[in-house]
Amino acid sequence: MDAGDSNNGDSFEDLSFWWVFFGMFYQLLKKRQRAIRYNSILTADDRVTEFLHGHWEHIFNRTRMTRDCFVRFSSIMEQTGRLTASRAVSVEEQLMIFLFVVGHGASNRDAQETWQRSGSTISKYFGIVLEAIFNMSGEYIQPPDMTNVHHTIRYSNRLFPYFQGCVGAIDGTHVSACFTYMLSGWEGSAHDARVLEHAISEPQNSFPFPPPGKYYLVDSGYANRGCFLAPYRGTNYHLRDRRRLGGDRKKEQFNYRHASLRNAIERTFGIWKRRFPILRSMHQFPLDKQAMIPVACAVLHNFIRMDPASVAQDHVSGDEDDDDASSEDDSVDADPDGVDVGESSSHLNIPQDMDMGAFRDYVANCIHEGSSG
């Protein structure tokens, strides 16, 4: 090896040294910048303590739950082993990070600033909590009671006995403003009827078919068949339209009362989307997470509905009011005296040999005769 080769080798080693040096310096500088960025006086633990022990509105606005509801939910998650605290992040903080994102439609960057955590930490625990809550769907999203007539129907002169066989409605259920079945993962452009057909035709979807004589309400986008009772198509059903325009009065009366009962479902969706704004504007999550988020939000919605204080606070904050979905014309009239108006009546359940088209006509005739009498 001559002197030139030796000098070239030394130069290469010197250059490599400097590359390594500058690489280490750059990484150190990044860590320094990151340390400066998360320099809030309140640490994440301080914020959790503040929310848990501060004014009740703080934790409700942050998590969409009252303090007691949040503590109960957090205890369930920890005691059942669905969530475990890490060395740096408690179960309470993990839940608050998730609820902050879904309850405010917040971005990862917003969560970083609020919780003084790195983007990777936010993403990690959002995914962990999402999967844990999603796996609770079998426990908190269950079919309604299909044996008894719900009091919403039974104590309404407008609805009973005409809809006493109704056990719920597709897209939700009238019985308690809770979700009783959910199939997630379809693209938003898919027609509702196509999604329903998939739900009822694939055994693995575990669709809760009602017993004989019972049925679900559906809107005009679905076929009136099987165990699904749809309104008449091309027929007015709002009271103001019925007064102003002519038409088949029997069909209009049926559609009007059908819409009155389904109106609760529209209100439930309005409340749900207002409570969890992430449902209105989904961030760029992977497709599997996008499919899990609505189910997790439905679980949370049902859990919150079990807490009277959270529901009462929803009324105060306006989350229970959905102007787009409700109107005076579509409200369900309750019997003012609270009297059971048909305890023993069963003649409007679907006979075994009657198809849904004939049953709809039968109910429409009964409603018309009852209103004319």
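The legends below describe close-up views of a predicted model.

Local features in this model need pLDDT of at least 70, and side-chain atom pairs count only at pLDDT 80 or more, whereas totals for chains, interfaces and linings use all residues. Residues are numbered from 1 along each chain as its sequence is written, and side-chain values use heavy atoms, with hydrogens and water left out.

**View 1. The protein as a whole has 15 helices and three strands.** Helices (H or I, at least four residues) and strands (E, at least two) are DSSP runs, numbered from the N terminus. Of the 373 residues, 43% count as buried. Buried means under 20% relative accessible area, exposed means over 50%, and partly exposed lies in between (1.4 Å probe, protein chains only). Among contacts between residues at least 6 apart in sequence, 69% join residues at least 24 apart; contact means heavy atoms within 4.5 Å.

**View 2. Helix α5 (residues 91-104) packs against helix α7 (residues 119-134).** The angle is about 90 degrees, and the axes are 9 Å apart. Axes are lines fitted to C-alpha atoms, for helices over the stretch in contact, and angles run from 0 to 180 degrees between N-to-C directions. The two helices α5 and α7 are therefore roughly perpendicular to each other. Angles under 35 degrees count as roughly parallel, over 145 as roughly antiparallel, 65 to 115 as roughly perpendicular and the rest as oblique. On the α5 side the contact is made by Q94, L95, I97, F98, V101 and V102, and on the α7 side by I122, Y125, F126, I128, V129, L130 and I133. By class, the contact of α5 with α7 has 12 nonpolar, one polar and no charged residues. Here Ala, Val, Leu, Ile, Met, Phe, Trp, Tyr, Cys and Pro count as nonpolar, Asp, Glu, Lys and Arg as charged, and the others, Gly among them, as polar.

View 3. Q94 is buried, with a relative accessible area of 1%. Leaving aside residues up to four places away in sequence, Q94 touches L83, T84, A85, S86, V89, Y125, I128 and V129. F126 is also buried, with a relative accessible area of 3%. The C-alpha atoms of F126 and F98 are separated by 5.2 Å, although these residues are 28 apart along the chain. With residues up to four places away in sequence not counted, F126 touches F98, V101, V102, F285 and I293.

**View 4. Helix α3 (residues 56-63) meets helix α5.** These helices pack at an angle of about 70 degrees, with their axes 7 Å apart; α3 and α5 are therefore roughly perpendicular to each other. I59, N61, R62 and T63 in α3 meet M96, L99, F100 and H104 in α5. By class, this contact of α3 with α5 has four nonpolar, three polar and one charged residues.

**View 5. The largest nonpolar core has 47 residues.** A nonpolar core is a set of buried Ala, Val, Leu, Ile, Met, Phe, Trp, Tyr and Cys residues joined through side-chain atoms within 4.5 Å. M65, F73, F98, W115, I133, F276 and I278 touch the most other members. The helices α2 (44-53), α4 (67-79), α5, α6 (108-115), α7 and α13 (287-305) each supply at least two residues of this core. The largest share, 10 residues, comes from α13. Apart from this core lies another, of 20 residues, among them F160, F163, L261 and M356.

**View 6. Three strands form an open sheet in the order β1-β2-β3.** The pairing is parallel, and two strands pair if DSSP finds at least two bridges between them. β1 (166-169) and β3 (228-229) stand at the edges, each with a single partner strand, so one side of each is left without a neighbour in the sheet. Three bridges join β1 to β2 (residues 215-217), and C166 stands opposite Y215 in β2.

**View 7. Backbone details are shown at P161, R64 and Q116.** A cis peptide bond, with omega about 5 degrees, joins F160 and P161, and P161 lies in the loop between α9 (151-154) and β1. Phi of R64 is near 70 degrees, a positive value in a residue other than glycine. R64 lies in the loop between α3 and α4 and is buried, with a relative accessible area of 10%. Phi of Q116 is near 55 degrees, likewise positive in a residue other than glycine. Q116 lies in the loop between α6 and α7 and counts as buried at 14% relative accessibility.
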